Amino acid sequence: MWKVVIIDDDDSVLRGMKKIIPWETLDCEWGGEAKNGESGSMLVRETEPDLIITDIYMPVKNGLDMIEELRHEGYEGKVIILSGYSDFEYARKAMRLSIDDYLSKPASRTTIEEVLKKVIGRLEERKMEKLEFAGLREKVQLYEPVIEKEWIKSLITGTNVVKDVPELADDYIKQWNNKDHVTVLIAYTKQLKRSDLFQKDWYLFRFASNNVIKEAAQQWFDDFHFVEFHTHQAALFIHIPKEDTRNDNEDILALIRDLEQSIKAYLQVDVVITSGQVKQNWREISHSTKEAIENLPESVSHGVSFNGKNEVSMREKEQSKRITLLADSIEINQKLSDAIRYADEKRACAVMDSLFERLSNQPFHQPSAVHLGIEMWTMMTYSLFDIGIRISDMFPGDFDIYEELSTKQSWEELSVRLKEIVMKICHHQKWDENLKHRQIVEQMIDFVQERLHENITLHDLAEELYISRNYLGRIFKSVVGEPFKDYLTRIRMEKAKSMIQEGYHLMYEISENVGYGNPAYFSTIFKKHTGYTPTELIQKRTTEGSSP
């Protein structure tokens, strides 16, 4: 309830205001009274009221001096001036002190109620704003680890513009400036698909692999970040103190051996682990990542057989092509992942266009093309799975991505097919999102029907559904076609109209049944919505009922 204090040296005013104010209707409570500005200041400090109603001209200290003193102390509540004392200097000072409204003595009951409703309304708005801000701050705190994780991932893959450093990374950067940095790349082999744990529970596999990798890394390095790129690749972003006298390369090699043994022992899968060169500047970590990719062994059999130097030369060229694609794809896949998560078809296709524009100047190389396509498919699968969507639900049961990619004979054909896949995914997500929106709106409508007699707000629904008020409002309007407030008023007025026409409800009963504690205010809204007052509707019904 809103706490109200009244400060006036006139006893009759104090008694009259206590009697006139509709405390329950306005959700207010009496906080106390005082007869001068000095005792009024003490009362406000003790009770911390939401609203002060005060006279100006009082003994010891006038009302405006009292408010000025309280404002300097940090009082942020609402203030209504109740005074018959008029003076331009006083009025100007009142404006400077952010007085919310004025009541001239003597004020009618109606005027007092109207002014109080208006000021209480502002208190409610401010309360909602504070709750929204608190909720937003809580969400920011909740999302900070995600933002941090994504920023570090983009730094490692080279998709980040290092000038755009989020505030939450400031502490990291201060430490990183005094350290060297290296990327250790962890790539699961094709054998991963045959892992029982991977097949049965992907989330459990992720949890287990994360723990195994982090525990192994802690044996050799105190400061590192673990980042997953997708189902088949992850990395350790390691930070090594510059004053460390140990041999960095020996420790990195020892870590790689431990990782290979631990992953094999605990997860029963094989991995290929490589590292890039140690970098003195954290801004160069993406170069270390690309070097780690270049150190990956040949994993695709090209089926090409030449003798002597020509064979070596051909393999080196093909390995070079594969390395270039892998180094590019890790950055491309990160951008593609971001687009897929938000069903952003335009951005996803733009990422692909950018890649295939560069490839168009190179001879088509089918094994590399298949590898690139599978990388993208894996990234999309991982991104969707991370937000609770299975890619297998979007494609027929007999869909085989390897077969789809193997039939392509040019970069253009590959590009067209991959973009078709992306568009199918994005369209499916939009459809699914629309279904979820309709389900949310159905929950909102059920909530309204069940609690129409209560003082329902969009904020109440937002808390009930754990969705932000603004987002919930947009969802409702997009599905229903009108703002939630308008819908709520319309439903209330329709029910009120129905109850009036039934003919055996009292006006205050109807008002309370549709969520209005004040019958007079209900009548005003009813007329604004229907064009006539409840009384006029009753008379109309009576007239129609008595006519032959």
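Trainee: Is Lys61 buried or exposed?

Mentor: Buried means under 20% relative accessible area. Lys61 has 14% relative accessibility, so Lys61 counts as buried. Keep in mind that this is a predicted model.

Trainee: Which side chain does Lys61 meet in a salt bridge?

Mentor: The partner is Glu69. The N to O distance is 2.6 Å. Glu69 is partly exposed, with a relative accessible area of 25%.

Trainee: How many salt bridges are there in total?

Mentor: The count comes to 14 salt bridges. One of them joins the side chains of Glu73 and Arg45, at 2.8 Å from N to O.

Trainee: What does the pair of Glu73 and Arg45 tie together?

Mentor: Look at where each residue sits. Glu73 lies in the loop between helix 3 (63-72) and strand 4 (78-83). Arg45 lies in helix 2 (residues 37-47). The pair therefore ties together parts that are 28 residues apart in sequence. Glu73 is partly exposed at 47% relative accessibility. Arg45 is partly exposed too, with a relative accessible area of 37%.

Trainee: Which strands hold Lys179 and Asp223?

Mentor: Start with the contact. The side chains of Lys179 and Asp223 form a salt bridge, 2.8 Å from N to O. Lys179 is in strand 6 (residues 179-188), and Asp223 is in strand 7 (residues 223-230), so this pair links parts 44 residues apart in sequence. Both Lys179 and Asp223 are buried.

Trainee: Which residues do salt bridges with shared partners join into one network?

Mentor: The network contains Glu38, Arg45, Lys61, Glu69 and Glu73.

Trainee: Which residues gather in the patch of negative charge?

Mentor: Asp27, Glu29, Glu124 and Glu125 form this patch on the surface. A patch residue needs over 30% relative accessible area and no salt bridge. Take Glu29. Glu29 has a relative accessible area of 33%, so Glu29 is partly exposed. Glu29 belongs to strand 2 (residues 28-34).

Trainee: How many disulfides does a search of the whole structure find?

Mentor: The search finds zero disulfides. The cut-off is a pair of cysteine sulfur atoms within 2.5 Å.

Trainee: Where does Gln268 lie?

Mentor: Gln268 lies in the loop between helix 9 (248-267) and strand 9 (271-275). Gln268 has a positive phi of about 60° and is not a glycine. Gln268 is exposed, with a relative accessible area of 51%.

Trainee: What are the distances between Gly503 and Ile538 in sequence and in space?

Mentor: Read the two separations side by side. Gly503 and Ile538 are 35 residues apart in sequence. In space they are 7.7 Å apart, C-alpha to C-alpha. Gly503 sits in the loop between helix 18 (484-502) and helix 19 (507-513). Gly503 is partly exposed, at 40% relative accessibility.

Key. Residues numbered from 1 in each chain as written. Predicted model: local features only at pLDDT ≥ 70, side-chain atom pairs only at ≥ 80, totals over all residues. Heavy atoms only, no water. Patch = residues over 30% accessible without salt bridge, like charges linked within 9 Å, V, L, I, M, F, W, Y side chains within 5 Å. Areas by Shrake-Rupley, 256 points an atom, 1.4 Å probe, with all protein chains shown as cover. Salt bridge = Lys/Arg side-chain N within 4 Å of Asp/Glu carboxyl O. Lys, Arg positive; Asp, Glu negative; His and termini not counted. Charge placed at Lys NZ, Arg CZ, Asp CG, Glu CD. Helix = DSSP H or I, 4+ residues; strand = E, 2+ residues; numbered from the N terminus. Buried < 20%, exposed > 50% of the residue type's maximum accessible area, 1.4 Å probe, protein only.
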